[in-house]
Amino acid sequence: MTGPYLAYTYAVARYTDELPQVVAALTGVAASRVHLVEPTHGRDPVAAVSRVPAEDFDETALRRHLEELAWLEEVARTHHGVIEAIAAHTTVLPLRLATVHLDDGRVRAVLDARQEAFLDRLTQLADRLEWGVKLYLDAPATPPPPPPADLGPGRAYLRHRRAEQDLRQDGYDAARTAAERIDAAARLHAVERVRHRVQQGELAPGPGTNVTNDAYLVPVERAEAFRADVMRSTDGLPGVRVDVTGPWAPYSFAAPYEEEDTAP
């Protein structure tokens, strides 16, 4: 890193005449004002950028900070806020958290090099939003019944273990059926799906076990039907719970471009 500041890049977006005013009202990471960077030729697409201190965002500092939960939460909250504000105004291609470049000139070079690809993807994302769908398997409401009193200790133990296994298998069967129904209902409306890792530990603080964690890209006009059909898809299946969140800017559907944009 050669300078005291780096260019933190939040997203690539379609340019509109009102966008500069929208972006100028936004405060980004490190309390810096957000501004637009335009390609060399034309105004579309643009990148939303703010200056961040190199001492906190160069490669060494980032590796250290990414282990600091409070720092990470603050950056993630601000990053999300900027993207959501822009997404409420125009089509946006969110970039990965802590995407930094050397300066605005480097951001412009990326826009120039990938201008056509960015525009193609933004066209595909226009009037479409991301919805998250998670399936949880609840713990059995009641334990298996105790074995008959006349069984010996060994047989009683085996009977109890078999009953526990039967309960778990019933749960797995219900989860598999629920996942199939959910995906079938979602695909009636969604145009793309991304499957994420299931969440565990601190990322899944609620009750139950997360068994699927998917994101769907849904046209705006299909949003209500999507949500209703997904929520209804597991009716009659005990022991499972569906969590639908959104709509969000299409974070999960920008991945092919995020990976190419992170190098300063």
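A residue is called buried at under 20% relative accessible area, exposed at over 50%, and partly exposed in between (1.4 Å probe, protein chains only). Helices (H or I, at least four residues) and strands (E, at least two) are DSSP runs numbered from the N terminus.

The structure is a predicted model, in which local features need pLDDT of at least 70 and side-chain atom pairs count only at pLDDT 80 or more, while totals for chains, interfaces and linings use all residues. Residues are numbered from 1 along each chain as its sequence is written, and side-chain values use heavy atoms, with hydrogens and water left out.

**Exercise 1. State how many helices and strands the chain has, and what its burial, contacts and surface come to.**

Solution. 
- Step 1: the chain has 9 helices and 9 strands.
- Step 2: of its 264 residues, 41% are buried.
- Step 3: take contacts (heavy atoms within 4.5 Å). Among those between residues at least 6 apart in sequence, 76% join residues at least 24 apart.
- Step 4: the accessible surface (Shrake-Rupley method, 1.4 Å probe) is about 14400 Å², and carbon and sulfur atoms hold 52% of that.

**Exercise 2. Determine how strand E1 is enclosed, and which strands it pairs with.**

Solution. 
- Step 1: with strand E3 (residues 46-53), E1 pairs in the antiparallel sense over 8 bridges; Thr9 has Val49 of E3 as its bridge partner.
- Step 2: strand E4 (residues 92-94) is joined to E1 by 3 bridges, again antiparallel, and Ala13 is bridged to Val92 of E4.
- Step 3: strand E5 (residues 100-101) runs antiparallel to E1 with 2 bridges, where Ala7 has His101 as its partner.

**Exercise 3. Find where Gln199 lies, and which side chain it contacts.**

Solution. 
- Step 1: Gln199 is in the loop between strand E7 (192-195) and strand E8 (209-219).
- Step 2: its relative accessibility is 19%, so Gln199 counts as buried.
- Step 3: the side chains of Gln199 and Lys134 make a polar contact of 2.8 Å. Such a contact is a pair of N or O atoms within 3.5 Å; within protein, one must be able to donate a hydrogen and the other to accept it, and residues adjacent in sequence count only if both atoms are side-chain atoms.

**Exercise 4. Locate the buried residues of helices H5 and H8 around their axes.**

Solution. 
- Step 1: in H5 (residues 104-113), Val107, Val110 and Leu111 are buried. They cover an arc of only 100 degrees around the axis, which puts them on the same side of H5. The arc is that of the directions from the helix axis to the C-beta atoms.
- Step 2: in H8 (residues 223-232), the buried residues Ala223, Phe226 and Val230 cover an arc of only 60 degrees, which puts them on the same side of H8.

Technical notes. Two strands pair if DSSP finds at least two bridges between them.
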